Amino acid sequence: MATTAQAIASESDDALMARVAARDAGALRLLADRHADIPWRIAFRMLNDAAEAEDVAQDALLRLWQFAERWQAGGPGVAAWLTRVSTNACLDRIRRRRFVGDDAMPERADESPLADEVIAQDDVRSAVAACIEALPDRQRAAIVLTYYEERQNRMAADILAMQIKAFESLLFRARGTLRECVEGKGVTA
């Protein structure tokens, strides 16, 4: 029995996608176990809301199920596909917020007492998160993909459907805007 479980767990993503296309829910469960953290992390960093991040992750996995029949083996892979889908879903949600008039979400205060050093680190983290949230959509996506998801510039440019030079220019502007915002808040790392 353990050998069967190991064989299933060692199946490639492409093999699992073939099973998902045949409507094997167990294969989707294995893919979710392997990759569900990717869309959640991206969404949480871009939207700064755990509940919305959960929705984005679930939607991305649902889309994986829905579009499994179109999957082409040997491509960039499930992780890259989920990264692209979740990034685009976050950009869509950010755009919709503007039309609805959603104000900035209040920050949650930590109720437990903290040491001075931890408080200072939290201030820096909060200021950076607020500044990232204030960035224009594509600049925010560039920062999240490059620094939080640790994607190389080429891969991040592909995810955003940009030429590498245009992406590098976007990332340069994003870093400058982010630096000015953090310095404007009077926080030093």
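**Exercise 1. Determine how helices α8 and α10 are oriented to each other, and which residues make their contact.**

Step 1. In this predicted model, the axes of helix α8 (residues 137–148) and α10 come within 9 Å and cross at roughly 95°; axes are lines fitted to C-alpha atoms, for helices over the stretch in contact, with angles running from 0 to 180 degrees between N-to-C directions. Helices are DSSP runs (H or I, at least four residues), numbered from the N terminus.

Step 2. Angles under 35 degrees count as roughly parallel, over 145 as roughly antiparallel, 65 to 115 as roughly perpendicular and the rest as oblique. α8 and α10 are therefore roughly perpendicular to each other.

Step 3. On the α8 side the contact (heavy atoms within 4.5 Å) is made by Arg138, Gln139, Ala142, Ile143, Thr146 and Tyr147, and on the α10 side by Phe167, Leu170, Leu171, Arg173, Ala174, Arg175, Thr177 and Leu178.

Residues are numbered from 1 along each chain as its sequence is written. Because the model is predicted, local features need pLDDT of at least 70 and side-chain atom pairs count only at pLDDT 80 or more, while totals for chains, interfaces and linings use all residues, and side-chain values use heavy atoms, with hydrogens and water left out.

**Exercise 2. Describe the crossing of helices α3 and α5.**

Step 1. The axes of α3 (residues 25–35) and α5 (residues 50–66) come within 11 Å, crossing at roughly 140°, and the two helices are therefore oblique to each other.

Step 2. Ala25, Leu28, Leu31 and Ala32 of α3 meet Leu61, Leu64 and Trp65 of α5 in this contact.

**Exercise 3. Locate the disulfide, and decide whether each of its cysteines is buried or partly exposed.**

Step 1. The structure holds 1 disulfide (a pair of cysteine sulfur atoms within 2.5 Å). Cys131 and Cys181 form this link, with their sulfur atoms 2.1 Å apart, and with -80° about the S-S bond the link is left-handed.

Step 2. Cys131 lies in helix α7 (residues 116–134) and Cys181 in helix α10 (residues 164–184), so the pair ties together parts that are 50 residues apart in sequence.

Step 3. Buried means under 20% relative accessible area, exposed over 50%, and partly exposed in between (1.4 Å probe, protein chains only). Cys131, at 1% relative accessibility, counts as buried, whereas Cys181, at 25%, counts as partly exposed.

**Exercise 4. Characterise the surroundings of His35.**

Step 1. His35 has its place in helix α3 and, at 11% relative accessibility, counts as buried.

Step 2. Leaving aside residues up to four places away in sequence, His35 touches Asp13, Val78, Ala79 and Leu82.
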